[in-house]
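I opened this notebook to record what I looked up on charged side-chain pairs. The entries follow the order in which I worked.

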Amino acid sequence: APVIDRDLKRSLGQMIHGVQVVGAVHEGTVRAYTSHWVTQVSFEEPIVMASVSPRHDTHPVMVAAGAFAVSMLAADQIEAGQYFSYPGRRFRRVATELVEVVDAAWAVVPGAIAWLGGEVVDGVTGRYDHDLCFARVVATGPGRLKEPPLLYSSRRGWRATGDPAREPGTSIRDRLLARIP
């Protein structure tokens, strides 16, 4: 496998992302993993993409189910984020207090900001060390939508969303548009 240059790795580590738990359920088996590589990929359709290692025990469950759920964690859910960040083989059970199955189809973290349930519609497999799974969102559970999200950066670690980046009442967009002749 190629080795990433040290400076490039440190630069990539500056990226900060929301933290999600991706879960799947198939024939009674429930598996989940922590990710910060889930994203919305379309404005016109509710499509999300999750990146999953084929070596993780959640991968075959996602493939068999043809579906997965994404729980967006709140800043006070570091325990769930940390628990599911370890390879599943290290645990003999899934912590039932940290995951629940909704409608027999969606493995979600209770108390999350929100969760999305998606049916896999496309993917990229075998090309990278992680497979990319694209899913159409067909179910959702809004939770604590006003809570600050949990964030993660490999260089900065776990973080809570901070204060707004602009002053109240200030419109940077309006200021920029005023510059157009």
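Is Arg 31 buried, partly exposed or exposed? I looked this up in the predicted model and found Arg 31 to be partly exposed, because its relative accessibility is 29%, which lies between the limits of 20% and 50%.

Entry on the partner of Arg 31. I found that the side chain of Arg 31 forms a salt bridge with that of Asp 57, at 3.1 Å from N to O. This pair joins distant parts of the chain, 26 residues apart: Arg 31 belongs to strand 3 (residues 29–35), and Asp 57 to the loop between strand 5 (47–52) and helix 2 (58–65). I noted Asp 57 as partly exposed too, at 24% relative accessibility.

Entry on Asp 76. I recorded a salt bridge between Asp 76 and Arg 144, with 2.8 Å between the closest N and O atoms. I listed Asp 76 as exposed because its relative accessible area, 54%, is over 50%. Arg 144 is partly exposed, at 27%.

Entry on Arg 173. I found its side chain in a salt bridge with that of Asp 174, at 3.9 Å from N to O. Arg 173 counts as exposed at 60% relative accessibility, whereas Asp 174 is partly exposed at 45%.

Definitions and conventions: Residues numbered from 1 in each chain as written. Predicted model: local features only at pLDDT ≥ 70, side-chain atom pairs only at ≥ 80, totals over all residues. Heavy atoms only, no water. Salt bridge = Lys/Arg side-chain N within 4 Å of Asp/Glu carboxyl O. Helix = DSSP H or I, 4+ residues; strand = E, 2+ residues; numbered from the N terminus. Buried < 20%, exposed > 50% of the residue type's maximum accessible area, 1.4 Å probe, protein only.
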